[in-house]
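Here's a quick briefing to read alongside the model. Take a look at the sequence and the structure, then work through the notes topic by topic.

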Amino acid sequence: MEFSSKLLENAVQEMSQLPGIGKRTALRLVLHLLKQPQERTELLTDALMKLKSEVNFCSSCHNISDTELCEICANPKRDESLVCVVEDIRDVMAIENTSQYKGLYHVLGGKISPMEGVGPQDLNIASLIQKVREGTVKELIFALSSTMEGDTTNFYIYRQLEGLEVVTSAIARGISVGDELEFADEVTLGRSIVNRVPFENSIKAN
């Protein structure tokens with residue numbers, strides 16, 4: 001792709017680093033921004049800069065938050081004895097959109113993946129185990145994607161919980177094996193949460 005401007009080329013190059021954005025899409029977005037009034041571009045730039053410099057992560061569940069505790073953890077109407085373990089923030093949003101779940105969350109920040117150099121120490125697993133040790137959590141719902149890495153992470157956490165008084169369950173396999181949670185439709189995801197099964201059963205099923 002030939003560019004008539006080095007500034008344009010640099011902007012397209014940076015835009016194309018975003019996931020799912022190829023060079024042609026990046027060019028279309030950059031040209032669109034060029035056509036906008038300067039104040040619109042400044043608003044976008046300011047929003048992104050503030051997001052990067054001022055965003056917080058909930059001290060309890062590790063969800064993105066504007067305050068120390070996110071709105072979900074701070075909501076007294078949520079069931080704090082029920083914790084849904086998810087990979088990242090997009091999964092929290094996906095489950096919340098079903099309106100089927102009233103407990104809390106724990107965001108791991110990824111999945112165990114030796115191929116990518118991601119081990120248990122790189123995830124928010126220790127804080128999850130500590131949360132269970134404190135005794136307020138009665139049930140953990142494993143809601144990671146049904147991939148090899150997701151199952152490995154589920155099983156690792158399950159083994160760390162041995163000897164602790166907590167029920168473990170996994171979302172029903174209405175989510176297709178190999179699918180990412182964020183792409184599941186809301187009805188299927190909602191049913192998977194409601195019809196969760198004991199984690200021991202999901203091990204036998206695999």
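Lysine 111 is buried, since its relative accessible area is 13% (buried means under 20%, exposed over 50% and partly exposed in between, with a 1.4 Å probe and protein chains only). Keep in mind that this is a predicted model, where local features need pLDDT of at least 70 and side-chain atom pairs count only at pLDDT 80 or more, while totals for chains, interfaces and linings use all residues. Residues are numbered from 1 along each chain as its sequence is written, and side-chain values use heavy atoms, with hydrogens and water left out.

**Around lysine 111**

- You'll find lysine 111 in the loop between β4 and α6 (helices are DSSP runs of H or I with at least four residues, strands are runs of E with at least two, and both are numbered from the N terminus).
- Not counting residues up to four places away in sequence, lysine 111 touches Glu87, Val118, Leu123, Ser145, Thr147, Glu149, Gly150, Thr153 and Glu180 (contact means heavy atoms within 4.5 Å).
- With glutamate 87, lysine 111 makes a salt bridge of 3.6 Å, N to O (a side-chain nitrogen of Lys or Arg within 4 Å of a carboxyl oxygen of Asp or Glu).
- That pair links distant parts of the chain, 24 residues apart, with glutamate 87 sitting in the loop between β3 and α5.
- Glutamate 87 is buried too, at 12% relative accessible area.

**Other salt bridges**

- The count of salt bridges comes to six.
- Lysine 6 and glutamate 9 meet in one of 3.7 Å, N to O; both lie in helix α1 (residues 6-15), three residues apart, about one turn of the helix.
- Lysine 6 counts as exposed at 56%, whereas glutamate 9 is partly exposed at 31%.
- Aspartate 88 pairs up with arginine 90, and their closest N and O atoms are 2.6 Å apart.
- Here aspartate 88 is buried at 16%, while arginine 90 is partly exposed at 44%.

**Aromatic pairs**

- There are two aromatic pairs (rings of Phe, Tyr and Trp, using its six-membered ring, with centres within 6.5 Å; planes under 30 degrees apart are stacked, over 60 edge-to-face, the rest tilted).
- Tyrosine 101 and tyrosine 105 have ring centres 5.1 Å apart and planes at 65 degrees, so this pair is edge-to-face.
- Both tyrosine 101 and tyrosine 105 are buried.
- Phenylalanine 155 and tyrosine 158 make a tilted pair, at 6.3 Å centre to centre and 35 degrees between the planes.
- Those two share helix α7 (residues 148-160), three residues apart; phenylalanine 155 is partly exposed at 36%, but tyrosine 158 is buried at 19%.

**Helix α6**

- In α6 (residues 126-133), Leu128, Ile129, Lys131 and Val132 are buried.
- They cover an arc of only 155 degrees around the axis, which means they're on the same side of α6 (the arc is that of the directions from the helix axis to the C-beta atoms).
- Ala126 and Arg133, on the other side of α6, are exposed.
- The buried residues of α6 pack against β3 (79-86), β4 (103-107), β5 (139-142) and α7.
- After α6 comes glycine 135, with a positive phi near 95 degrees.

**Lysine 102**

- Lysine 102 lies in the loop between α5 (89-96) and β4 and counts as exposed at 53%.
- Its C-alpha atom is 6.1 Å from that of aspartate 79, 23 residues apart along the chain.
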